[in-house]
Amino acid sequence: MVYFVSFFVAILLMRMSEKAVKKRKVLLFLSSGLVLVMLAAFRDITVGYDVRVYQWPLFTIARASQSIYEYMNKALVLVEPFYALVTYFSAQFGEKMFWAFFFNESIIIAFTLASLYYFRKVVPVYLSLSCFCFTYYLRGYDQTRQFIAVSIVMLAVALIVNGKKIIPFILVFIAMGFHYTAIVGIGIILVYMTLNGVLKRVIVFLWFVSGVVVIIYYKDILKYVLKRFPLRAERYLKMLMMNQNYDNVHYIGFLYFTFAVIILLLKIYLVEENKNTIYLFLLCLMFLGIAGAFIQNLAGPVQRIFIYSDIFVIFVIPLIPNMIKTDKIGKILVWGMTYLIMIAYWFVVYVNGNAGAVYPYVFAK
């Protein structure tokens with residue numbers, strides 16, 4: 001119930017922001033993000049599996065260290081440098097994990113909301129925020145340092161879509177400072193840049209074929225790539241090669257991304273006469289999402305790589321209401337169906353699947 005109330009308030013504030021003007025618009029926009037930040041900050045350390053794996057131990061080291069140099073010598077063995085610095089900074093405010101949770105989530109929400117804003121021409125911000133809340137918001141409680149990287153990469157992609165050329169690549173390298181897998185963002189950016197060329201339909205076909213090849217030969221491909229990737233590659237190689245199912249929720253991911261592909265095919269070929277590049281780009285990412293969900297059944301940790309493309313589903317599912325033209329009652333039904341799809345994902349993955357050990361919500365003692 002705590003999650004649902006918080007999501008409702010955040011989405012409502014964002015909706016009000018879109019209808020407001022000037023300073024009130026900015027205030028409501030920031031208030032929407034603050035609700036989600038504070039929800040994460042006030043939780044207990046038992047909410048989120050990885051909190052006990054590295055977040056709490058690292059925070060404890062930061063509190064006990066006499067200097068930042070002493071701390072970094074210990075921290076860099078465990079995590080990437082930028083995440084280590086954020087944790088050290090958080091620890092200077094007090095001994096409660098509230099501060100680490102607060103600053104971690106502030107970074108995630110800040111980059112996420114900026115991304116949603118830059119994608120507002122594709123889908124209204126309050127709708128993409130709705131999908132984010134019910135699908136990927138809680139990933140930030142568990143896979144925190146990677147989800148910081150994911151949010152930064154998402155903004156990098158949003159900026160490249162909006163015509164920026166240099167900043168997106170800088171952002172990807174910053175993201176790598178939180179999680180080395182963020183290098184995947186370079187590939188995603190290059191896909192969009194390639195689709196802007198004259199061969200974009202050929203690229204979509206080749207991307208689909210590549211997805212099939214990845215499904216069949218993913219172990220060989222990942223082994224080849226990771227052996228030539230110097231940053232903690234041995235650890236990731238070991239994780240990706242194990243036959244471990246991830247949270248037993250791979251099937252809902254497969255269905256979700258398949259549904260997203262269908263939405264985009266309808267959007268591109270029935271609704272959009274100009275076949276806008278952004279929709280073809282999202283289609284490529286959703287094809288990749290299907291491949292990742294399939295492989296996840298065999299090697300769960302592979303989700304760590306595909307999450308950089310998967311996150312963009314938050315801009316696809318909310319396309320449904322604007323695609324279907326109907327009367328007032330029909331609109332209510334369409335909106336209800338859209339939110340039902342989002343909420344169903346939340347229940348299957350986080351409630352029944354217990355992904356990341358983030359449900360139920362527990363306030364800090």
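Colleague: In which part of the chain does Pro360 lie?

Modeller: In this predicted model, Pro360 belongs to the segment that follows helix H18, which spans 328–352.

Colleague: Which residue does the cis peptide bond join to Pro360, and what is omega there?

Modeller: The partner is Tyr359: the peptide bond between Tyr359 and Pro360 is cis, with omega about 0 degrees.

Colleague: Where is Asn354, and what is its phi?

Modeller: Asn354 is also placed in the segment after H18. Its phi is near 55 degrees, a positive value in a residue other than glycine.

Colleague: How should I read the accessibility of Asn354?

Modeller: A residue counts as buried under 20% relative accessible area and as exposed over 50%, with partly exposed in between. Asn354 has 39% relative accessibility, so Asn354 is classed as partly exposed.

Colleague: What are the corresponding values for Ala357?

Modeller: Ala357, found in the segment after H18, has a phi near 55 degrees, again positive in a residue other than glycine. Its relative accessibility is 22%, and Ala357 therefore counts as partly exposed.

Colleague: How is a pair of aromatic rings described?

Modeller: The description rests on the distance of the centres and the angle of the planes. In this structure, a search of the whole model finds 39 aromatic pairs. One of them joins Tyr3 and Tyr361: the ring centres are 5.5 Å apart and the planes stand at 85 degrees, so the pair is edge-to-face.

Colleague: Which parts does the pair of Tyr3 and Tyr361 tie together?

Modeller: Tyr3 lies in helix H1, residues 2–19, whereas Tyr361 lies in the segment after H18; the pair therefore links parts 358 residues apart in sequence.

Colleague: Are Tyr3 and Tyr361 buried or exposed?

Modeller: Tyr3 is buried, at a relative accessible area of 1%. Tyr361 is buried as well, at 12%.

Colleague: Which charged ends sit over the rings of Tyr141 and Tyr117?

Modeller: Over the ring of Tyr141 sits the charged end of Arg43, 4.2 Å from the ring centre. The ring of Tyr117 has the charged end of Arg120 over it, 3.9 Å from the centre.

Colleague: How many helices and strands does the chain have?

Modeller: The chain contains 18 helices and zero strands. Of its 365 residues, 53% are buried.

Colleague: What share of the contacts join residues at least 24 apart?

Modeller: Among contacts between residues at least 6 apart in sequence, the share is 75%.

Key:
Residues are numbered from 1 along each chain as its sequence is written. This is a predicted model: local features need pLDDT of at least 70, side-chain atom pairs count only at pLDDT 80 or more; totals for chains, interfaces and linings use all residues. Side-chain values use heavy atoms; hydrogens and water are left out. Helices (H or I, at least four residues) and strands (E, at least two) are DSSP runs, numbered from the N terminus. Buried means under 20% relative accessible area, exposed over 50%, partly exposed in between (1.4 Å probe, protein chains only). Contact means heavy atoms within 4.5 Å. Rings of Phe, Tyr and Trp (its six-membered ring) pair if their centres lie within 6.5 Å; planes under 30 degrees apart count as stacked, over 60 as edge-to-face and the rest as tilted. A charge sits over a ring if NZ of Lys or CZ of Arg is within 6 Å of the ring centre and within 35 degrees of the ring normal.
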